[in-house]
Amino acid sequence: MTKLTKEAFTTISLEGNGAPFQNPLEDQITASKKAEPCILVIFGATGDLTSRKLLPALYNLSREGQLPSHFACVGFARRPKDHAKFRQEMHDAISNFSRVKPIEETLWHSFTNQIFYHQSNFDDDHGYDALRKFLDDLDKKFDTKGNRVFYLSTQPSFFPTIIQKLGEHHLIYDTTKEKKKWSRVIIEKPFGHDYGSAVELQNFVMNHLGENQIYRIDHYLGKETVQNLMVFRFANSIFESFWNNQYIDHIQITVGEEIGIGTRGTFFEEAGIIRDIVQNHMMQLLSLVAMEPPSSLDADAIRDEKVKVLQAIRPVDLKHFNEFVVRGQYGPGFIDGKNVNGYREERNVDHNSPIETYTAIQLFIDNWRWANVPFYLRAGKRLPKRATEIAVVFKKVPGILFSKGKQKLEQNVLAIRIQPDEGISLRINCKVPGTSSPIQPVKMDFRYGSYFGLTPPEAYERLIYDCMLGDGTLFARGDEVLASWKFISPILNRWHESAPSDFPNYKSGSWGPKAADAMLERDGRAWRLI
Ligand code: BG6
């Protein structure tokens, strides 16, 4: 791993004021590297992602002095517009969406001169010829040395065309011949539509690029709290001894969002929550929480361990499918006291849409460490709140001493809050002071915000920066993506065979369909109240 900042490791105590301890990974922390000169070309530059995430990320990298000293950014898209118009739109986008506001006008003044727009269709040879000449000119102007990052943020169906055209027009370099300059391609998710199409895309991409030129982005991997999962597990000796099926009863992973699908109806009708969130973000969380310690912090050593977890997931039992997989779709309801539409009333959504906006899955990882430990995953739109959490629920204590009579002991829970209110809490049982000695669960709570007092950088900042450094640790490798699809595809096929008869089956602002609660109740468990 290239740049593990000191802040990510230094002193953490649950109380927030304990004595600093020496982090065992400290030797591994490499000095902050500087990204090499390069030009970043964003395909699909008029889309939402560019304005909400990518340009704000570049602006903040520039603000923090992390952009290469010789740098330019070119937006590539189909709509006609000139550089000035694109710059103005990006100014407005950064003003709205940057994590640090207001925009610093003096910084913007120099930054804006590094931003350009190039209009072309994605399959137009002339457009790519013109792009190559334009980039060569920018190299001369900004001394960017021929290095390129191509960010594919278009509809996924354009990925193969763009990669092919980049190759044909010598914008992607052959790594076996070209040693002086480099070209890398960031590919947005979803990588494929199902297992078959992901294999096809993977083969296509590998015919045009070396694995070390491909950066399959999953922005969850760029989140500070997700990166901290490995530090938390492997830089603390206390957790490893009970991180297994002897002590852990089950694990719950929740990715809940209050928002609906907004303006993304067309995209969501093709994706559904399982392709949008589960196949990528949740599978990454699952693999980080369940992986074995890697032999080093090298990208491949980490990814080798993650892929083993994904490959060990037991295929869904199709005979008892409904016991393990639940799908849901939101109907009208209330969010923050306001009336909101059901999914089928959203823009660009079919009035009889069978697309799921919620799913809950029970799965098992068939390896020594996790044998018989259920993992419960749930993801949904229009839930009561935005909350991403991994909860490790420990086994019950034997009911010999304290569980007699009315006293019911809560199980210990280690909750890792990925967002918001990033932090970690441990639920333990404690004697209430006094003579009657009732036992009550209490929480030890660590909060990043109050301890470090910093706004963590946006995931995209870290990931764009890592790509410019050539560090693929926080990107998904081809075999990880395929292993994840291998588990997900049979679920999609089964859903495809039979349309849901009960949609919409949960109200906006509720925690999802009843069947998801029933799934845990059957096992004598319940979803955590978040
Ligand atoms: C994206 C999904 O990948 O992640 C969106 O396409 C979702 O549907 C978003 O809202 C959630 O990201 P975050 O960083 O807000 O948790």
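## The ligand and its surroundings

An oxygen atom of the ligand is 2.7 Å from an N or O atom in the side chain of Lys 381. This is a polar contact, a term for a pair of N or O atoms within 3.5 Å; within protein, one must be able to donate a hydrogen and the other to accept it, and residues adjacent in sequence count only if both atoms are side-chain atoms. Lys 223 places a polar side-chain atom 2.6 Å from an oxygen atom of the ligand, and a polar side-chain atom of Gln 419 likewise lies 2.6 Å from an oxygen atom of the ligand. The residues around the ligand are Lys 189, His 219, Tyr 220, Lys 223, Glu 257, Ile 259, Arg 264, Asp 276, His 281, Lys 381, Arg 386 and Gln 419 (a residue is near a molecule or strand if one of its heavy atoms lies within 4 Å of it).

The model is predicted: local features need pLDDT of at least 70, side-chain atom pairs count only at pLDDT 80 or more, and totals for chains, interfaces and linings use all residues. Residues are numbered from 1 along each chain as its sequence is written, and side-chain values use heavy atoms, with hydrogens and water left out.

## The parallel sheet

An open sheet is formed by 6 strands in the order E3-E2-E1-E4-E5-E6, with parallel pairing. Strand E3 (115-119) and strand E6 (214-216) stand at the edges with a single partner strand each, so one side of each is left without a neighbour in the sheet. From one strand to the next, the twist averages 20°. Helices (H or I, at least four residues) and strands (E, at least two) are DSSP runs numbered from the N terminus, and two strands pair if DSSP finds at least two bridges between them.

Strand E1 (residues 38-43) runs parallel to strand E2 (residues 71-77), and 6 bridges join them. Within this pair, Ile 39 stands opposite Ala 72 in E2.

## Helices H2 and H3

Two packed helices are described by the angle between their axes and the distance between the axes. Helix H2 (residues 83-97) packs against helix H3 (residues 105-112) at an angle of about 145°, with their axes 12 Å apart. Axes are lines fitted to C-alpha atoms, for helices over the stretch in contact, and angles run from 0 to 180 degrees between N-to-C directions.

Arg 87, Met 90, His 91 and Ile 94 in H2 meet Glu 105, Trp 108, Phe 111 and Thr 112 in H3, where contact means heavy atoms within 4.5 Å.

## The mixed sheet

A further open sheet has 8 strands in the order E8-E11-E12-E7-E13-E14-E15-E16, and its pairing is mixed. At its edges stand strand E8 (325-328) and strand E16 (439-447), each with a single partner strand, so one side of each is left without a neighbour in the sheet. Neighbouring strands of this sheet are turned by 15° against each other on average, direction ignored.

Strand E15 (residues 423-431) and E16 run antiparallel and are joined by 9 bridges. The bridge partner of Cys 430 in E16 is Gln 440. Helix H7 (residues 224-234) packs on the sheet, touching strand E13 (387-394), strand E14 (413-419) and E15. The direction of H7 makes about 145° with that of E14.

## Backbone features in loops

The peptide bond from Gln 419 to Pro 420 is cis, with omega near -20°, and Pro 420 is in the loop between E14 and E15. Another cis peptide bond joins Phe 503 and Pro 504, with omega about -10°; Pro 504 is in the loop between helix H14 (478-497) and strand E17 (506-508).

Lys 145 is not a glycine, although its phi is positive, about 60°. Lys 145 is in the loop between helix H4 (125-142) and strand E4 (148-152).
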